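The following report looks at selected side-chain pairs, contacts and surface features of one protein model, with the criteria given alongside each term.

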Amino acid sequence: MKKYFTLQFKMFNRQLAEWGIEPILAYPLGLFIFILLSLQLFNKTQYADDIYIGIALSQIIKSNEEVRNNFLKLTYSTIDYLKLRIIENWFISMPFVIFLVYQENYSFAILLFVFCVLSVLFVLKSKSNFRLPTPFYKYPFEYTIGFRTNFILYIFAYFLTIMSIVVSNFNLGIFSLIVTIMGCATYFTNSETKFYIWIYSLNPKEFLYTKTKMIVLYTTILCLPILISLCIFFYNKIDIILGIQCLGYLFIYITMLAKYSIYPEKLNIRFGIVIALTIWLPPILILIIPYLYIESTKKLKEILQ
């Protein structure tokens, strides 16, 4: 088991290096961000406990994927497999458990700790003939694959919207809108194969324009239930709601340009730093957007002949 965890640690460090992050900086920085976001969550909403344990459970459930666990069962004895999975789940849940104890929510901390043990008894089936229908078939790749992979995220966001209305918490509703927008933005962090670009009979400028229309249309479809609900029940803050939605379009647009500006490489921490700078200094967008647009057209010109 020691070799397994050593290998996982080395693989994770290698992934950090590919993202452009030094592992020696990533761990303390990650811990700081985790604590900061946790404090913000518990300060902003009374339902933080439920949201918090939901996030933790989702991370534990991801590790129960069928193919991965079948491999571990073939590699280790039953006892060693169970020990390994329990330890692995404890590693995942430990930051959440410690923070729940800090918040003096011992019942949720114990519940999460127990779930770490019980979750090793079931495995998520990965093979199914069912394909979740989507309205995103016209423009393939980003939204089609992303929605089918992360559709639970939107169920969670819509649930938060309902709760924000029930308890009259506008900030919780805005959080659900931001979660949905961020989910859409993540679809552009992975690069598709050249085939999904080559199939467009367009020049680079027309291609980027088509992608921009897709962003506006498909993001609106996913955000529409939240937008309508918030605008009806918090109509006196409709300017804030629509303002955040428009900023969301811009954020996804920048992510799309960044992806194609370095295609076929993946986005790394440098892009995250750029985004952080634009949040603190929005005027930088005047320089960043044209630069990313020019670089994107150069890369796309090599494929779109």
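R85 and E88 both belong to helix 5 (residues 78-102), where they sit three residues apart, or about one turn of the helix; helices here are DSSP runs of H or I with at least four residues, strands are runs of E with at least two, and both are numbered from the N terminus. This is a predicted model, in which local features need pLDDT of at least 70 and side-chain atom pairs count only at pLDDT 80 or more, whereas totals for chains, interfaces and linings use all residues. Residues are numbered from 1 along each chain as its sequence is written, and side-chain values use heavy atoms, with hydrogens and water left out.

The side chains of R85 and E88 form a salt bridge with an N to O distance of 2.9 Å, the term meaning a side-chain nitrogen of Lys or Arg within 4 Å of a carboxyl oxygen of Asp or Glu. Both R85 and E88 are buried, where buried means under 20% relative accessible area, exposed means over 50%, and partly exposed lies in between (1.4 Å probe, protein chains only).

N89 is also placed in helix 5 and is buried, with a relative accessible area of 0%. Leaving aside residues up to four places away in sequence, N89 touches I60, S63, C116, S119 and V120, a contact being heavy atoms within 4.5 Å.

**The second salt bridge**

The structure holds two salt bridges. In the pair formed by K298 and E295, the closest N and O atoms are 3.7 Å apart. These two residues lie three residues apart in helix 13 (residues 285-301), about one helical turn, and E295 counts as partly exposed because its relative accessibility is 22%.

**A nonpolar surface patch**

V101, Y106, I110, V114, L118 and L121 make up a nonpolar patch on the surface, with about 590 Å² of accessible area together. Patches consist of residues with over 30% relative accessible area and no salt bridge, like charges being joined within 9 Å and nonpolar side chains (Val, Leu, Ile, Met, Phe, Trp, Tyr) within 5 Å; the areas come from the Shrake-Rupley method with a 1.4 Å probe, and for residues only the protein chains shown count as cover.

Helix 6 (residues 106-118) supplies the largest share of this patch, namely four residues. L118, found in helix 6, is partly exposed at 47% relative accessibility.

**Contacts of I174**

I174 lies in helix 8 (residues 170-186) and is buried at 10% relative accessibility. Apart from residues up to four places away in sequence, I174 touches L230, I241 and I244. Although I174 and I244 are 70 residues apart along the chain, their C-alpha atoms are separated by 8.3 Å.
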